[in-house]
Amino acid sequence: MKKIIIIDGGPRRGMNTAQMLQHFAEGAQSVSDDVEVKTVRLYDMDFKGCMSCMVCKIKGKASNICKFKDALTPVLEEIAQADGLVLGSPIYFGDVTGKMRIFLERLAFPWLSYNDYSMTAPKPMPVVLMETMNGTPDRNNSQGYGSMEYCIARALGEPEHLIAYNTYQVKDYSRFELAGFSEEAKRQYRDAHWQEDLQKAFDAGRRMAEKILG
Ligand SMILES: Cc1cc2nc3c(=O)[nH]c(=O)nc-3n(C[C@H](O)[C@H](O)[C@H](O)COP(=O)(O)O)c2cc1C
């Protein structure tokens, strides 16, 4: 049995990020019953970012899995054993959400050696970095996973990107102070692209499952 872990770094159930991740999961599961997909919703969990305790760097006992104990501990241990990893986040102020960022601190700081600046994960694996945002391909402020992408690429392997642009932020624009957006333009974009974005997520799930099954 192979295992893919999906980390949902968005707060909203059933909205854009969650739907993209759900389609990824369905794509992976459509390949074989030998692929287990587990989704972890970070906003349902109470955990801290890196506490700078430096326990992962103690001489003779250095660890590439975070040693700070809280609700994130079993998730980090599970990722270390997994065969594929998917990270998904809405873009907030040009970055992934704060919750995704503190998760990544805990994931990546133990990979970093301050002896030789190498980055070593417990095991390399295929990674997909997924983002959803208001921005469009031509006009967006997203730095995506930013400096964390460099750590992920070095420790786990070059990630694949999956991006859903110009998402519907609310179901009914008439109820909110959102005059900066044209609902008509949003609807047209969604009608032209959303199903295709979900299909891309499904296909990416299939590809990851096929890859890890060899
Ligand atoms: C606090 C906040 C900040 C946001 N900042 C940006 C931004 O900087 N750029 C952008 O393109 N979209 C931004 N958005 C829009 C979301 O990224 C977009 O609606 C996303 O698809 C929401 O994902 P969800 O439906 O899974 O919650 C922001 C939304 C919120 C709530």
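This is a predicted model: local features need pLDDT of at least 70, side-chain atom pairs count only at pLDDT 80 or more; totals for chains, interfaces and linings use all residues.

## Cysteines and the ligand site

The structure holds zero disulfides.

**Cysteines**

- C56 has a relative accessibility of 8%, so C56 counts as buried.
- For C151, the closest cysteine sulfur is that of C50, and the distance of 12 Å is likewise too far for a bond.
- C151 also counts as buried, because its relative accessibility is 12%, and the limit for a buried residue is under 20%.

**Residues around the ligand**

- Which residues come nearest to the ligand? Among the 16 residues around the ligand, these are N16, T17, I91, T132 and T167.
- The shell around the ligand is made up of six nonpolar residues, nine polar residues and one charged residue.

- The side chain of N16 has an N or O atom that lies 2.8 Å from an oxygen atom of the ligand. N16 is also one of the residues that come nearest to the ligand.
- In F93, the atom concerned is a backbone N or O atom, which is 2.9 Å from a nitrogen atom of the ligand.
- G135 contributes a polar backbone atom, and an oxygen atom of the ligand is found 2.8 Å from this atom.
- On its own, the ligand has 640 Å² of accessible area, and the protein covers 83% of this area.

**Pocket**

- Which pocket does the ligand take up? The space taken by the ligand is the largest pocket.

Technical notes. Residues are numbered from 1 along each chain as its sequence is written. Side-chain values use heavy atoms; hydrogens and water are left out. A residue is near a molecule or strand if one of its heavy atoms lies within 4 Å of it. A polar contact is a pair of N or O atoms within 3.5 Å; within protein, one must be able to donate a hydrogen and the other to accept it, and residues adjacent in sequence count only if both atoms are side-chain atoms. Accessible areas come from the Shrake-Rupley method with a 1.4 Å probe; for residues, only the protein chains shown count as cover. On a 1 Å grid over the protein atoms alone, a cavity is a set of points where a 1.4 Å probe fits but cannot get out, and a pocket is an open set with protein on both sides within 12 Å along at least five of seven lines; lining residues have an atom within 4 Å of a point. A molecule sits in a cavity or pocket if more than half of its atoms lie within 2 Å of its grid points. Ala, Val, Leu, Ile, Met, Phe, Trp, Tyr, Cys and Pro count as nonpolar, Asp, Glu, Lys and Arg as charged, and the others, Gly among them, as polar. A disulfide is a pair of cysteine sulfur atoms within 2.5 Å. Buried means under 20% relative accessible area, exposed over 50%, partly exposed in between (1.4 Å probe, protein chains only).
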